[in-house]
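Please look through the structure below.

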Amino acid sequence: MSFPRCSLLWARLPAGRQAGPRAAACSALRARLGPFPGTARRAPALTAAASASASSSSSASGGPRAPNTSLFVPLTVKPQGPSADGDIGAELTRPLDKNEVKKILDKFYKRQEIQKLSADYGLDARLFHQAFISFRNYIMQSHSLDVDIHIVLNDICFSAAHVDDLFPSFLRHAKQIFPVLECKEDLRKISDLRLPPNWYPEARAIQRKIIFHSGPTNSGKTYHAIQKYLSAKSAVYCGPLKLLAHEIFEKTNAAGVPCDLVTGEERVTVDADGKQAAHVACTVEMCSVTTPYEVAVIDEIQMIRDPARGWAWTRALLGLCAEEVHLCGESAAIDLVTELLYTTGEEVEVQNYERLTPISVLDHALESLDNLRPGDCIVCFSKNDIYSVSRQIELRGLELAVIYGSLPPGTKLAQAKKFNDPSDPCKILVATDAIGMGLNLSIKRIIFYSLIKPSINEKGEKEIEPITTSQALQIAGRAGRFSSRFKEGEVTTMYRDDLGLLKEILNRPVDPIRAAGLHPTAEQIEMFAYHLPETTLSNLIDIFVDFSQVDGQYFVCNLDDFKFSAELIQHIPLNLRVRYVFCTAPINKRQPFVCSSLLQFARQYSRNEPLTCAWLCRYIKWPLLPPKNIKDLMDLEAVHDVFDLYLWLSYRFMDMFPDASLVRELQKELDAIIQGGVHNITKLIKTSETRKLLNLENLPGSQPCLSGTSKSQARRTRGTKSSGARTAQQPSSGSGELPLASRLVQQGLLTPAMLKQLQKEWLTQSPEHSKEKAGTRRKKKDSNSD
């Protein structure tokens, strides 16, 4: 079609006042394109105007850095099918030659000017390429195109327009598949985290008095803060652990002061009518920032730097609406707290405390478990070490208590009571750094079995590093506590080579805390989702963190656990607020059964099917049998965590999780079963060793001892076969460490051939093999006598 013909058809486009869908479409087209494009001379003018607009948009952002475009996940734009009104563009001009169109698009892609212009609008090389591929597929696969695109392509074919005239249509398509480009400035405003004090208007409306009780462990700092708490007309205690909240709850009520308990999984109101008491003991995440109090106590304030939970201490520090706020913790947090509260106009009064009882680092290591004495606590940093040390101590005829992080709180308290009881024969404690907070223990001597602690960095990678000075002081300080029967504490190591490093670590100054943690709220994520409705929650979190602006006193906490849960339940249809709550549920992502339970709970919720106690019992195959080995014990601990998950959700969705009281009773029964298992832990270890020492669980005919729900979980977590001559491996604990035989092979202390020989000798000594051998001898003897 000639250029004059196009111009004539353009002039004949119906006006907006005329009826019909085509008239409306043409009217919109006139408004969008203006006068009919003339010649190629129009292209530079368009490019200049677009460049000016892009420059203005870019300068208005004011962002400190460009966004990480690798986080932008492209949406799918489906090609247009046949239109009910027909192909209006083809009627106005002519049908397009797809081969010609493909040449035009290839030329468009190669234009340096187009790439530069796209960059001004936020399309870097990666986004530009993805947007172009989508744009090309859309044009080539659509049966009918929008009128404006069709006309521009037709004009370019007849040299009546420049290839650059495709840019507005391309940019519109790019913003469809990357909606972030359309609302970058709004997203930056939503994720601006530079003024956290302004989030808490109730706290800013009063002038608070801040007292920082600073000192090492066993210095009485928390005691003095609690005295203020008890004497106040209304008060809140915010602790880092459920155990500490329970302890303050019990002490407060024992002192004749009515006190409620609030944790993620539990609500206890002392008033028979359910009326809230003036005092409340809670975990720090559960404190209310809208309820007025006379006194507030925030324990372990140094955890404001914690990469995962630090946001909770920041929220409590800035948001608690109390006339007096008492902070307890390490001196390393004083400077940061002072700086944070300087922005609120509040001064910090520091009260320093010295340790009440002396503690000394010994000049000799333990070297042998034969040298253990009553009141000793051996601190290990892995479950395998816990089991190994416990077994060796039991072989020496000594009774011991065991405490590690994944044990239920009731079991920890039972083991602590057993160890603290002077009349109990148990005089030795084997524990992880879980004893660092929340348990009152009568320890004479802390013995570090190792100074190396596995940890997970912000990238999710496992790191093996010596413990920090803060960690070492926290653990060592448990020896010789003022309230225990040992008035002097001692610290040493298991091995002589570690003693020098321990002294060096303890003598280092504690690094001052530089920044406090922050966390996006549900409201902020909802606002993000409003602008990016098709984006997954996990991707929303990534984009939020990337766009977020914080000053040097704050950091955004690690949200890997949140993202893990978000990806786990992404395919389940839930509204955003419900999905957010499910993702904030505290779960151990290294426990497959707990993760699958979160998934199952979310699926039931999405079907609007209440999760009753009867349903839960069928799901976990209740009742459960006592553990027969360490694997069984770990499976029971996972079921206990599932109960915790149910209770946590029951306080957020009461209608869908209606049987919290019944589940709590089941949890108490399970706690008793686990306590019995831990009480007999050396027997469980012995059973596990006989089966796992040489990987006998993976040999033909060997069946693992599992009970109830443990069977399915064991199948899910069974190890995979390794390459070469290595034997099949099955993790022996939640820490993911290999069985002893496999580690010996890896370390070169055993060859695969030696391992096979040992397995053969082991089998020849088994009772079943002995019976077979005896039967063979009898047959041979009978044959000879015949």
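What follows is a short walk through some features of this model, which is predicted.

The largest nonpolar core contains 165 residues. Those with the most contacts inside it are L123, F582, F601, L616 and F657. Helix α26, residues 630-650, supplies the largest share of this core, 13 residues. Another core lies apart from it and has 27 residues, including F381, F448, I467 and L506.

Now turn to L616. Leaving aside neighbours within four places in sequence, L616 is in contact with F601, V642, F643, Y646 and V663. L616 is also one of the residues of helix α25 that meet helix α27.

Two packed helices are described by the angle between their axes and the distance between the axes. For α25 (residues 613-620) and α27 (residues 660-679), the axes come within 9 Å and cross at roughly 35°. On the α25 side the residues are C613, L616 and C617, and they meet L662, V663 and L666 of α27. Sorted by class, this contact has six nonpolar residues, no polar residues and no charged residues.

The last stop is F547, in helix α21, which covers residues 537-547. Is F547 buried or exposed? Its relative accessible area is 1%, and buried means under 20%, so F547 is buried. Not counting residues up to four places away in sequence, F547 touches P67, F72, V180, K184, L187, R188, S191 and F528. One of these, R188, is 359 residues from F547 along the chain, yet the C-alpha atoms of F547 and R188 are separated by 5.7 Å.

Note on methods:
Residues numbered from 1 in each chain as written. Predicted model: local features only at pLDDT ≥ 70, side-chain atom pairs only at ≥ 80, totals over all residues. Heavy atoms only, no water. Core = buried A, V, L, I, M, F, W, Y, C linked by side-chain atoms within 4.5 Å. Buried < 20%, exposed > 50% of the residue type's maximum accessible area, 1.4 Å probe, protein only. Helix = DSSP H or I, 4+ residues; strand = E, 2+ residues; numbered from the N terminus. Contact = heavy atoms within 4.5 Å. Axes fitted to C-alpha atoms, helices over the stretch in contact; angles between N-to-C directions. Nonpolar A, V, L, I, M, F, W, Y, C, P; charged D, E, K, R; others polar.
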